[in-house]
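Hello,

Here is the structure I promised to pass on. Please have a look at it first; my notes follow below.

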Amino acid sequence: MKLVMNFESPLRTLAIRVGVGLLGLALALLMLGVFNVVPFSAFDFAGHSGIRTIAALAILGCITSAIASWEI
């Protein structure tokens, strides 16, 4: 399977790029937390731990890219 990030629909291409961008952002935030540059407690949201918030961001990125990549 070939990795394609450019489709005929600009909205579809944008959705895939946003999803991959969210995944990259989550990875960067995770690395900042692992190396204690920014504490995970800085990402606490609605009573959930910071690591869970970062994981939710990564999952959102994966799901957004997967749905946009789906061939109907």
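A word on terms before the findings: a contact, or touch, means heavy atoms within 4.5 Å. This is a predicted model, in which local features need pLDDT of at least 70, side-chain atom pairs count only at pLDDT 80 or more, and totals for chains, interfaces and linings use all residues. Residues are numbered from 1 along each chain as its sequence is written, and side-chain values use heavy atoms, with hydrogens and water left out.

Overall picture

The protein has two helices and zero strands. Helices (H or I, at least four residues) and strands (E, at least two) are DSSP runs, numbered from the N terminus. The C-alpha trace spans about 40 × 25 × 20 Å along its principal axes. The radius of gyration is 15 Å, while a compact globule of 72 residues would have one near 11 Å. That radius is taken over C-alpha atoms, and the globule rule is 2.2 Å times the number of residues to the power 0.38.

Of the 72 residues, 19% count as buried. Buried means under 20% relative accessible area, exposed over 50%, and partly exposed in between (1.4 Å probe, protein chains only). The accessible surface comes to about 5,400 Å², and 74% of it belongs to carbon and sulfur atoms. These areas come from the Shrake-Rupley method with a 1.4 Å probe; for residues, only the protein chains shown count as cover. Take the contacts between residues at least 6 apart in sequence: 54% of them join residues at least 24 apart.

H1 covers residues 10–34. Its 25 residues reach 36 Å from first C-alpha to last, close to the 36 Å expected at 1.5 Å a residue. The expected span is 1.5 Å times one less than the number of residues. The buried residues of H1 are Thr13, Ile16, Gly19, Leu22, Ala26, Leu29 and Gly33. Their cover includes H2. Just after H1, asparagine 36 takes a positive phi of about 60°.

H2 covers residues 50–69. Its 20 residues should span 28 Å at 1.5 Å a residue, and its end C-alpha atoms are 29 Å apart, which agrees. The buried residues of H2 are Gly50, Ile54, Ala58, Gly61, Ser65 and Ala68. Why do they line one face of the helix? Seen down the axis of H2, they fall within an arc of 105°. The arc is that of the directions from the helix axis to the C-beta atoms. The face turned away from the buried side carries the exposed residues Arg52 and Ile67. What covers the buried residues of H2 includes H1.

Two places to look at

Start with serine 65, in H2. Serine 65 is buried, because its relative accessibility is 13%. Leaving out residues up to four places away in sequence, serine 65 touches Ile16, Gly19 and Val20. Its side chain reaches the backbone nitrogen of valine 20 at 3.3 Å. Valine 20 sits in H1 and counts as partly exposed, at 41% relative accessibility. Valine 20 and serine 65 are 45 residues apart in sequence, yet 6.6 Å apart in space, C-alpha to C-alpha.

Then go to glycine 50, also in H2. Glycine 50 is buried, with a relative accessible area of 2%. Leaving out residues up to four places away in sequence, glycine 50 touches Phe40, Phe43 and Asp44. Proline 39 is eleven residues from glycine 50 along the chain, and their C-alpha atoms are separated by 8.4 Å.

Best wishes

Terms used
Polar contact = N/O pair within 3.5 Å; in protein donor to acceptor, adjacent residues only side chain to side chain.
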